[in-house]
Amino acid sequence: MLLNWDWVHPVMPVPFVPTLGPVHPSSPLPELFAAVAGVADSGEFLPYDKDRRWSRTKVERLLVGAVRHDERSTLLPTLSHRGPGAVKVYVYGAEPDVLADATALARKLADAHEAGAARVVWFLGPHEPEQSAAAVGTRVQLKDFAGPGPEATGAVEVRPYDEQPEGVRVTFARFAEEMKADGLAFLHEQMSAGTVGPVLTVAREGKMAGAIGPLETMIDEAGRTRLLPQYFAVHPEYRGHGYGRALWRAAMTWGRASGAAYQLLQTEVGGASDRLCQAEGLVALGFVCTQSA
């Protein structure tokens with residue numbers, strides 16, 4: 001798949017590669033797009049694909065034969081085999097009718113591949129009005145580990161899950177289920193299987209109150225150490241006590257100690273994690289917006 005980067009670059013407000021997600025702003029984007037196309041039909045992971053930790057085979061692939069690319073826009077469709085299947089069309093283009101074209105393509109490909117869902121994904125730059133992305137978007141944020149790290153919040157005790165008393169550990173299952181929307185139920189499954197790195201936790205009144213993890217790093221395409229995204233939640237009953245900030249800073253301390261150069265996150269616009277990351281000085285790279293086709 002050959003893309004004309006003189007066409008693509010001006011309409012790519014966020015460094016985002018289909019099937020890989022957000023990447024570092026200095027990443028070699030043409031090479032990454034070509035690499036994604038190169039493994040599209042193999043089911044193989046690229047060595048720097050963060051999703052390698054969850055599966056043996058890649059469930060989302062680029063539909064190379066359905067790519068639409070011209071001077072006004074680039075539409076890159078993918079097919080996911082997870083659950084009932086989903087087609088996503090990633091839109092790089094600023095013309096008013098591009099989203100309509102992408103919607104039509106997503107529906108057509110979903111029918112052709114008998115996928116249960118069709119979606120369109122497009123991007124807004126970091127200086128776009130936040131309300132434009134709030135309803136359907138996530139904010140891409142960059143944590144750079146250069147320079148001094150955050151101060152620990154000593155008033156809150158953060159412990160690895162394995163170091164909590166047994167009476168607290170047994171409450172994690174219920175906590176995870178109640179925080180299922182934040183991915184904690186999935187995280188608990190992976191923890192039970194013993195396949196992930198450390199999970200940091202805060203307990204209160206003998207119960208699990210918050211958690212962030214797993215803490216893992218991966219070498220990116222440029223040889224830099226990347227701290228991978230974590231699942232992160234504080235139970236509503238225990239919010240407002242600084243637990244989220246304490247967990248976040250403890251995770252960043254772990255990342256720094258593990259040699260991470262940076263971390264990339266996608267946070268729900270206006271959500272608790274989004275506000276925390278902004279307060280902690282992360283750099284906003286732009287917005288990723290998704291809607292059903």
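Student: Which residue stands opposite Gln263 in β15?

Tutor: This is a predicted model, in which local features need pLDDT of at least 70 and side-chain atom pairs count only at pLDDT 80 or more, while totals for chains, interfaces and linings use all residues. Residues are numbered from 1 along each chain as its sequence is written, and side-chain values use heavy atoms, with hydrogens and water left out. Helices (H or I, at least four residues) and strands (E, at least two) are DSSP runs numbered from the N terminus, and two strands pair if DSSP finds at least two bridges between them. Strand β13 (residues 225-227) pairs with β15 in the parallel sense over 2 bridges, and the residue opposite Gln263 is Leu227.

Student: How many bridges join β8 to β15, and which residue of β15 is the bridge partner of Asp144?

Tutor: Strand β8 (residues 137-144) runs antiparallel to β15. The two are joined by 7 bridges, and the partner of Asp144 is Tyr262.

Student: How many of the residues of β15 are buried?

Tutor: A residue is called buried under 20% relative accessible area, exposed over 50%, and partly exposed in between, with a 1.4 Å probe and protein chains only. Strand β15 (residues 262-268) is mostly covered. Of its 7 residues, the number buried is 5.

Student: What is the strand order of the open sheet of 4 strands, and which are its edge strands?

Tutor: The pairing in this open sheet is antiparallel, and the order is β9-β10-β11-β14. An edge strand pairs on one side only, and here the edge strands are β9 (159-160) and β14 (231-234).

Student: Which residue of β11 is the bridge partner of Thr201?

Tutor: Strand β10 (residues 200-204) and strand β11 (residues 207-213) run antiparallel and are joined by 5 bridges. Within β11, the partner of Thr201 is Ala211.

Student: With which residues is Gln164 in contact, leaving aside its neighbours within four places in sequence?

Tutor: Gln164 is placed in the loop between β9 and α5 (166-169), and it counts as buried at 5% relative accessibility. Contact means heavy atoms within 4.5 Å. On that criterion, the partners of Gln164 are Arg159, Arg169, Thr201, Val202 and Ala203.

Student: At what angle to β14 does helix α7 run?

Tutor: Helix α7 (residues 184-193) lies across β11 and β14. Axes are lines fitted to C-alpha atoms, for helices over the stretch in contact, and angles run from 0 to 180 degrees between N-to-C directions. By that convention, the angle to β14 is about 120°.

Student: Which residues does the cis peptide bond join?

Tutor: Most residues other than glycine have a negative phi, and most peptide bonds are trans. The bond in question has an omega of about 0°, and its proline lies in the loop between β11 and β12 (217-219). The residues joined are Gly213 and Pro214.

Student: Is Thr19, which has a positive phi, buried or exposed?

Tutor: Thr19 is not a glycine, yet its phi is about 75°. Thr19 is found in the loop between β1 (16-17) and β2 (21-22). Its relative accessibility is 9%, and therefore Thr19 counts as buried.

Student: Is Glu114 buried or exposed?

Tutor: Glu114 also has a positive phi, near 55°, and lies in the loop between α3 (98-112) and β7 (117-124). Because its relative accessible area is 69%, Glu114 is exposed.

Student: Why are the buried residues of α3 on the same side of the helix, and which strands do they pack against?

Tutor: The buried residues are Val98, Ala102, Thr103, Leu105, Ala106, Leu109 and Ala110. They lie on the same side of α3 because they cover an arc of only 170° around the axis, the arc being that of the directions from the helix axis to the C-beta atoms. On the other side, Lys108, Asp111 and Ala112 are exposed. The strands packed against are β4 (68-69), β5 (73-80), β6 (86-93), β7 and β16 (283-292).
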